[in-house]
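Q: I have a new structure open and have not looked at it before. Can you walk me through it?

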Amino acid sequence: MRFLHLRRLNKWVIWSVFAMVVFMTLMRFLFYFSFNNQGNGFKSLGATFFLGLRFDLRAACLLVLPMFILGQFSKLDPFKSNRARKGWMVYWVICMLGLVLFYEIDVAHYAYLSQRLNASALNYLQDAGISKNMIWESYPVVRLLLLLLVITFLMTWVIRLGFRFINKNAIVTKRINRFVEFPILLLTIVILVFGKINQYPMRWSDAFGLGNDYKANLALNPFESFFNTLKFRNISYDEKKVKELFPVLAKYYGLDPSSPLNFTRRVMVPDSTQIVKPN
């Protein structure tokens, strides 16, 4: 197998990407079987899972990119320096903790709001006390924390297992092969991060071209849905545009177009004795 002749660092990069993609794919299947599929049969979701795989490959490649680039230097190569090895192991513990934490929050967020994790979740930090109490009363926090630690440990163990296996079964490669491997793997990682061979990179909004919201939510992962909505978090309405288009809005909502920006409308309210009081 040609893979056996790759440089040890490059093997570990490939191993790490594969481990993370397997985990993210399992989480996508968990999403499908845990939440209402809204009539979308499994056989009709081929394109959805394929787009999801591309999103997952992008996230995994971004996480391995620092090690792949910096590890080319001998002092930062985990297979040549014990200090570098320890440093990269700490890096992977942090990455796996973040990876699992994002997915846990994402599952809880979707279960509560039927939306993938997005930047609007940061609004809960504005009143951290109330949010903390709501989380404690609504979710099994202790079990989720234990699950977080267990899965993080397992993911880190898989990454470490890959290192030990590759280091134990090392094959010396020719110097010329090492110089060929780096640009080829770097180009592959760049293509996977870009998402497609096109003028424009793959965007999170591509998921919403699949046909319905469920397919979009299934294809996305929490990294795409969260980081790509950060720039929209503080966007508000354009008052000048609202004034300009108010006559159109007034006709649509049955408002008085002669009174600019008057969104007040009168509605007949049933007798209060017939109204079922909300919880």
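What follows is a short chat about this model.

A: Start with the ground rules: this is a predicted model, where local features need pLDDT of at least 70, side-chain atom pairs count only at pLDDT 80 or more, and totals for chains, interfaces and linings use all residues. Residues are numbered from 1 along each chain as its sequence is written, and side-chain values use heavy atoms, with hydrogens and water left out.

Q: What is the mean pLDDT of the protein chain?
A: The mean is 86, and 88% of the residues reach 70 or more; pLDDT is the predictor's confidence in each residue, from 0 to 100.

Q: Where is confidence lowest, and where highest?
A: Helix α9 (residues 239-253) is lowest with a mean of 79, while helix α2 (residues 46-70) is highest at 96. Over residues 1-5 the pLDDT is below 50, and that stretch has eight contacts in the model beyond near neighbours in sequence. A contact means heavy atoms within 4.5 Å.

Q: How many helices and strands does the chain have?
A: There are nine helices and zero strands. Both are DSSP runs numbered from the N terminus: helices are H or I with at least four residues, strands are E with at least two.

Q: And how much of it is buried?
A: Buried residues make up 34% of the 279 residues. Buried means under 20% relative accessible area, exposed means over 50%, and partly exposed is in between (1.4 Å probe, protein chains only).

Q: Switching topic: how many salt bridges are there?
A: A search of the whole structure finds five. The term means a side-chain nitrogen of Lys or Arg within 4 Å of a carboxyl oxygen of Asp or Glu.

Q: Which residue does Asp77 pair with?
A: Asp77 forms a salt bridge with Arg7, at 2.9 Å from N to O. Asp77 sits in the loop between α2 and α3 and Arg7 in the segment before α1 (8-34), so the pair ties together parts 70 residues apart in sequence. Both Asp77 and Arg7 are buried.

Q: What about Asp106?
A: Asp106 makes a salt bridge with Arg116, with their closest N and O atoms 2.8 Å apart. Asp106 is in helix α3 and Arg116 in the loop between α3 and α4, so this pair ties together parts 10 residues apart in sequence. Asp106 counts as buried because its relative accessibility is 2%.

Q: Is Arg116 buried or exposed?
A: Arg116 is buried, with a relative accessible area of 7%.

Q: What else does Arg116 touch?
A: Leaving aside neighbours within four places in sequence, its contacts include Phe31, His109, Tyr110 and Pro222. The Arg116 side chain also reaches the backbone oxygen of Leu220 at 2.9 Å.

Q: Where does Lys196 come in?
A: Lys196 forms a salt bridge with Asp206, with the closest N and O atoms 3.6 Å apart. Lys196 and Asp206 are both in the loop between α6 (175-194) and α7 (213-219), 10 residues apart. Lys196 counts as partly exposed at 26% relative accessibility, and Asp206 as partly exposed at 28%.

Q: Last one: which residues make the nonpolar surface patch?
A: Val150, Phe153, Leu154, Trp157 and Leu161 make a patch of about 500 Å². Patches are made of residues with over 30% relative accessible area and no salt bridge; like charges are joined within 9 Å, and nonpolar side chains (Val, Leu, Ile, Met, Phe, Trp, Tyr) within 5 Å. Areas come from the Shrake-Rupley method with a 1.4 Å probe, and for residues only the protein chains shown count as cover.

Q: Where does Phe153 lie?
A: Phe153 lies in helix α5 (residues 141-168), and at 56% relative accessibility Phe153 counts as exposed.

Notes: Polar contact = N/O pair within 3.5 Å; in protein donor to acceptor, adjacent residues only side chain to side chain.
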